[in-house]
Amino acid sequence: MSEQDKVYRTILPIPDRPHVGLTTYDARDPDTKYPPIRELRPPAGAPNVLVVLIDDVGFGASSVFGGPCQTPNFEKLAANGLRYNRFHTTALCSPTRQACLTGRNHHSVGMGGITEIATSAPGYSSILPNSCAPLARILKLNGYSTSQFGKCHEVPVWQTSPVGPFDAWPTGGGGFEYFYGFLGGETNQYYPALYEGTTPIEQNKTPEEGYHFTDDMTTKAIKWIRQQKALMPDKPFFTYFAPGATHAPHHVPKEWADKYKGKFDQGWDKLREETFARQKLLGVIPNDCQLTERHAEIPAWNTISAEMKPVLVRQMELYAGFLEHTDCHTGRLIDAITDLGILDDTLIYVIIGDNGASAEGSLQGCFNEIAPLTGFPHLETAAFLTERLEKLGGVEAYNHYAVGWAHAMCAPYQWTKQVASHFGGTRNGTIVHWPKGIEAKGEVRSQFHHVIDVAPTILEAAGLPEPVFVNGVQQRPIEGISMLYSFNDANAAERRETQYFEMAGNRGIYHKGWTAVTRHRTPWETGRVALPAFDDDVWELYDTNSDWSQSRNLAKENPERLHHLQRLWLIEAVKYNVVPLDDRFAERANSELAGRPELITGNRQILFGGMGRLTESSVINYKNKSHAVTAEVVVPPTGAEGVIIAVGGIIGGWSLYAKDGKPIYHYNFYGVHRYTVEGTSMIPPGTHQVRMEFKYDGGGLAKGGTVTLYLDGNTIGEGRVDQTEPLLFSADETCDVGFQAGSPSSTDYGPTGNRFSGEVNWVEIDLGDDAVSLDHLIAPEDRLRVAMATQ
């Protein structure tokens with residue numbers, strides 16, 4: 001029972017209490033008495049809560065923690081609140097988010113990696129146990145209004161189609177009453193794959209008209225909070241605001257990047273030193289802190305060619321502009337809360353990064369991040385990047401910056417995102433602002449904390465107990481520790497004394513100021529990389545009581561303490577489902593090898609007109625093999641124009657469409673090479689079948705093939721695609737039938753744009769050499785088979 005309001009809140013939903021008393025026959029009887037209906041509310045004094053989680057920002061990026069990227073709104077919050085300079089994440093996005101939203105370690109809630117590489121092992125399944133109810137659900141069942149905006153990367157990949165199931169979606173089992181955002185690790189900021197609740201929607205204007213997702217989601221969040229307070233002013237809200245920024249692609253309007261012209265010409269090594277000096281002046285690191293050395297794997301700025309330097313400088317200008325742009329829109333949201341007169345009674349967390357800065361953009365950065373991630377970094381030469389310099393950050397790019405910049409953004413620490421062993425991957429500057437609950441202004445807090453500590457802090461601030469049962473399921477204890485004790489006591493002894501870390505085999509342990517760590521894998525080395533056995537990893541030992549930045553390795557001087565901490569790491573790993581360790585990447589991309597469900601199996605799939613927002617995991621895998629695509633279309637008297645089926649977008653994909661009445665197959669290879677095969681005959685008005693057969697060359701991954709087009713079974717065109725993308729076209733673009741959502745795969749759709757002028761009844765995708773046969777027409781007697789959808 002809550003001591004504040006005498007309501008039993010440890011069992012959720014709170015059980016109804018039936019009326020006990022006299023039941024009369026006639027409501028007019030003067031003895032007829034019932035208590036009034038009272039709506040559920042949290043205990044008196046429970047604050048509104050806003051959690052802002054920025055994506056892929058290192059400790060040394062934001063100006064509020066000494067970085068070069070100007071974040072005046074974050075600075076304003078910090079000046080009236082607290083800066084936590086020893087706050088930690090898990091080193092990767094999905095794990096940090098699931099940990100933050102549940103108050104439990106990421107392996108405890110099945111999120112040992114991103115959802116796309118989930119396995120059947122409990123710590124890596126991407127499935128949230130029903131014994132670990134998320135914070136939003138707990139708050140909602142205690143009387144909060146709840147909403148989420150932006151990125152959601154916690155839904156298992158086989159559940160991300162428009163038909164769910166929606167148990168893991170924000171408005172399904174996630175506990176949020178309203179959601180506006182995208183599913184997955186990243187999105188195109190100009191063409192986001194948007195959902196409102198569980199319904200796919202399209203953006204309300206084009207990039208040419210000024211559309212940007214961060215602007216859009218902020219406007220939606222402001223509208224929701226205003227409406228909530230207008231209609232239920234006595235009911236507090238919990239809003240989770242998670243921009244896709246500053247995750248790649250680094251999309252930002254040109255004028256924001258141009259503000260940083262010339263600011264990074266000195267290169268990443270000098271920039272890191274400048275940041276380090278500012279951090280000491282701000283007091284976010286101690287005066288005796290050491291700047292860790294750049295690792296040999298990261299090139300020195302003075303070794304970069306003169307040809308590449310302008311490209312690299314522009315990459316950093318874009319990133320800085322992107323972060324400042326994000327700060328600006330977060331400021332809009334804070335201003336709206338201020339205008340409502342509720343800022344003092346709103347507990348705000350601003351976690352500047354769900355991990356360290358991302359080093360996934362390769363050593364030279366990239367125009368299209370999918371190319372290096374899928375094994376084609378050689379496509380983007382210095383000449384290629386220079387030629388596209390002015391397009392970086394725009395609608396045609398899917399850009400990311402070089403490893404050297406990521407390392408600089410993590411100053412003063414070693415390594416970057418994914419490297420959970422070192423603070424560069426896990427230490428993220430965090431601001432807490434709550435005037436009604438925090439007396440101090442502009443102070444720094446140095447107690448060691450972790451993202452799992454956010455949820456119990458919010459519950460304590462709201463006067464809510466940790467639930468014992470939720471929806472009839474006994475709950476596992478929350479593993480986080482409330483930070484509330486430190487709000488008004490800068491010298492309070494830290495209550496988190498131990499915390500393990502692990503990501504992709506990179507692992508570490510913090511215990512009473514000492515850290516034992518081992519880096520197992522380098523984040524920018526993708527594909528099948530030769531890795532050492534786990535037992536062969538070299539461990540390092542640091543005393544962060546006297547060595548703030550992990551700069552002096554004491555492993556040789558103190559082997560006994562190292563051994564003790566290694567053993568403690570193993571104990572914690574067993575306790576929280578970390579073992580068996582899994583450093584596989586390429587293998588885990590294969591659903592069958594990983595042991596996770598596949599939404600679509602077999603050799604055939606049927607899609608129907610109007611179906612859209614289908615992720616690549618929602619479509620049968622036709623890559624690296626022969627396949628056929630057959631569509632039944634109804635052409636109006638005005639002729640055939642527009643998209644029949646399209647996959648991917650401007651940075652890679654394919655489409656089958658009609659222009660000037662003729663069918664065309666277009667293959668977009670990473671936005672670098674485009675192959676077009678055009679039919680020689682027009683599709684006449686009426687019902688017809690258009691078919692594309694792709695005869696794969698074979699001989700491994702990413703090979704080319706021969707394309708043949710058919711109209712009603714007759715050959716009308718043939719051509720070549722010299723090379724294909726082997727794994728995925730995009731992390732966010734989709735498959736659509738009868739139109740194309742998002743950015744266009746082809747730039748030549750004709751007068752009807754991305755929509756077909758008539759009707760697309762169905763599209764069938766068949767796999768294997770048998771699909772490319774002499775039978776180029778689906779016969780009428782097979783229509784029942786077609787209507788049965790997937791076989």
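# Exercises: helices, sheets and spaces

Helix 1 and helix 7 (residues 309-339) pack with their axes 7 Å apart, at an angle of about 50°. This is a predicted model, in which local features need pLDDT of at least 70, side-chain atom pairs count only at pLDDT 80 or more, and totals for chains, interfaces and linings use all residues. Residues are numbered from 1 along each chain as its sequence is written, and side-chain values use heavy atoms, with hydrogens and water left out.

**Exercise 1.** Describe how helix 1 is set against helix 7, and name the residues that meet.

*Step 1.* Start with the terms: helices (H or I, at least four residues) and strands (E, at least two) are DSSP runs, numbered from the N terminus. Axes are lines fitted to C-alpha atoms, for helices over the stretch in contact, and angles run from 0 to 180 degrees between N-to-C directions.

*Step 2.* Classify the angle of about 50°. Helix 1 is therefore oblique to helix 7. For the cut-offs, angles under 35 degrees count as roughly parallel, over 145 as roughly antiparallel, 65 to 115 as roughly perpendicular and the rest as oblique.

*Step 3.* Look for contact, meaning heavy atoms within 4.5 Å. From helix 1, Pro72, Asn73, Phe74 and Leu77 meet Asp327, Cys328, Thr330, Gly331 and Ile334 of helix 7.

*Step 4.* Sort the contact residues: 5 are nonpolar, 3 polar and 1 charged. Here Ala, Val, Leu, Ile, Met, Phe, Trp, Tyr, Cys and Pro count as nonpolar, Asp, Glu, Lys and Arg as charged, and the others, Gly among them, as polar.

**Exercise 2.** Work out the strand order of the sheet with 10 strands, and find what packs on it.

*Step 1.* Two strands pair if DSSP finds at least two bridges between them. The order of this open sheet is 8-7-6-5-9-2-10-11-3-12, with mixed pairing.

*Step 2.* Find the edges. Strand 8 (199-201) and strand 12 (443-445) each have a single partner strand, so one side of each is left without a neighbour in the sheet. On average, neighbouring strands are turned by 20° against each other, direction ignored.

*Step 3.* Zoom in on one pair: strand 3 (residues 82-84) joins strand 12 in the parallel sense over 3 bridges. In this pair, Leu82 stands opposite Glu443.

*Step 4.* Finish with helix 12 (residues 454-462), lying across strand 2 (48-53), strand 9 (237-242) and strand 10, and running at about 170° to strand 10.

**Exercise 3.** Do the strands of the sheet ordered 20-30-21-26-27-28 pair in a mixed or an antiparallel way?

*Step 1.* The pairing of these 6 strands is antiparallel, and the sheet is open.

*Step 2.* At the edges stand strand 20 (604-608) and strand 28 (714-721), each with a single partner strand, so one side of each has no neighbour in the sheet. Neighbouring strands here are turned by 15° against each other on average, direction ignored.

*Step 3.* For an example, take strand 21 (residues 627-635) and strand 30 (residues 759-767), which pair in the antiparallel sense over 8 bridges. Ala631 stands opposite Val763 in strand 30.
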